[in-house]
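This report describes the fold and the side-chain interactions of a single protein chain. The sequence and the structure are shown first, and the description follows.

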Amino acid sequence: MFRISTCGVLPNVLVICNGMTVGAAPFRQQHSSPLESQYDRLYPGHIPTNPIQKALLAVGSGLAALQNPYRHDMVAVLGETTGHLALVRLRDQMKNDPEGSTILRERPRIRLSTLDLAHMATLPDGSFGREYLRFLEENRVTPDSRADVKFVDNEELAYVIQRYREVHDLLHTLLGMPTNMLEVAVKWFEAAQTGLPMCVLGATLGPLRLSSSRLQTLATSLGPWALRSGRRARCVLSIFYERRWDQSLEELREELDIEPPPLVVTATKEKAAANAETELVS
């Protein structure tokens, strides 16, 4: 049985959300089959699953994510169990791009251990590296918060979705969007750009949690801009961002064919707006 709870993934128990149990065979048996042994060697942390198990995982993680959209672990499981076709398309786009194929070959990771934050701090305002560092500081986020892939049964596709997760904060910088309720604009961009079902789900259901003022901003300004930019931009996974820190943000947007945001939204401004809405309600 897969027991769904909030504690993480155990060797023979899949943990997703409180109070839900899904029946299936355990991930790992004492005597694994040759196919399971082959899957076990795909990449560190990989957990082999069959189609039925993936379907159960998708349903359980989807329900948990709907209940609490901030359960990033559940969003991660949903992405891994539903995104195969989109990941194949993204992988092929990367292979057909000189920079993207280099990324697939070298497999860079965006982690605190691989970033030179001291160097980024010396870069001029407006440079991609300096603005990314500013985003991390203002929103109090870290690239190390991205979960490792577990349920993708293809090593190359596993790297593609890992890369997607690790460039997510870079997309915030490219799009000029902080991590707040208007993050749904980033999901609209990602849905149009990647076609990943979890992004489409987030883009569809995210607006339901917005206030009327934010919803109007999304519908009339940020949403159309995000969809338009996502459809026509170069594949954002095919950019070797680690070699672009010195490049100006404006120049990088032009290269990727991403329009500047129609309005400037900072973490400080959005927090003030949220506080004002709270006062009006109370």
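## Overall architecture

Of the 282 residues in the protein, 48% are buried. The model is a predicted one. Its secondary structure consists of 13 helices and two strands. When contacts between residues at least 6 apart in sequence are considered, 67% of them join residues at least 24 apart. The protein exposes about 13800 Å², and carbon and sulfur atoms supply 56% of that area.

## Nonpolar cores

The largest nonpolar core holds 60 residues, among which Leu174 and Tyr241 touch the most other members. At least two residues of this core come from each of helix 4 (84-95), helix 5 (98-106), helix 7, helix 8 (155-175), helix 9 (184-194), helix 10 (197-205), helix 11 and helix 12. The greatest contribution is that of helix 8, with eleven residues. Apart from its neighbours within four places in sequence, leucine 174 is in contact with Phe128, Tyr241, Leu249, Leu252, Arg253, Leu256 and Ile258. A second, separate core has seven residues, including Leu57, Ala64, Ala65 and Val77.

## Aromatic interactions

A pair of aromatic rings is described by the distance of the centres and the angle of the planes. The structure contains three aromatic pairs. In one of them, phenylalanine 128 and tryptophan 245 have ring centres 5.5 Å apart and planes at 15°, so the pair is stacked; planes under 30 degrees apart count as such. This pair links distant parts of the chain, 117 residues apart: phenylalanine 128 belongs to helix 7 (residues 128-139), and tryptophan 245 to the loop between helix 11 (212-232) and helix 12 (249-256). Both phenylalanine 128 and tryptophan 245 are buried.

Tryptophan 245 is also paired with tyrosine 132: the ring centres are 5.5 Å apart and the planes stand at 10°, so this pair is stacked. Because tyrosine 132 lies in helix 7 and tryptophan 245 in the loop between helix 11 and helix 12, the pair ties together parts 113 residues apart in sequence. Tyrosine 132 is buried, as is tryptophan 245. One aromatic cluster is formed by Phe128, Tyr132, Tyr241 and Trp245.

A charge also sits over a ring: the charged end of arginine 243 is placed over phenylalanine 240, 3.9 Å from the ring centre.

## Salt bridges

The whole structure contains 25 salt bridges.

Aspartate 97 counts as buried at 14% relative accessibility, while arginine 234 is partly exposed at 24%.

Arginine 134 and glutamate 131 lie within helix 7, three residues apart, about one turn of the helix. Arginine 134 is partly exposed, with a relative accessible area of 23%, and glutamate 131 is buried, with 18%. Elsewhere, salt bridges with shared partners join Asp97, Glu99, Arg234, Arg244 and Glu255 into one network.

Key:
Residues numbered from 1 in each chain as written. Predicted model: local features only at pLDDT ≥ 70, side-chain atom pairs only at ≥ 80, totals over all residues. Heavy atoms only, no water. Helix = DSSP H or I, 4+ residues; strand = E, 2+ residues; numbered from the N terminus. Buried < 20%, exposed > 50% of the residue type's maximum accessible area, 1.4 Å probe, protein only. Contact = heavy atoms within 4.5 Å. Areas by Shrake-Rupley, 256 points an atom, 1.4 Å probe, with all protein chains shown as cover. Phe/Tyr/Trp six-rings, centres within 6.5 Å; stacked < 30°, edge-to-face > 60°. Lys NZ or Arg CZ within 6 Å of the ring centre and 35° of its normal. Core = buried A, V, L, I, M, F, W, Y, C linked by side-chain atoms within 4.5 Å. Salt bridge = Lys/Arg side-chain N within 4 Å of Asp/Glu carboxyl O.
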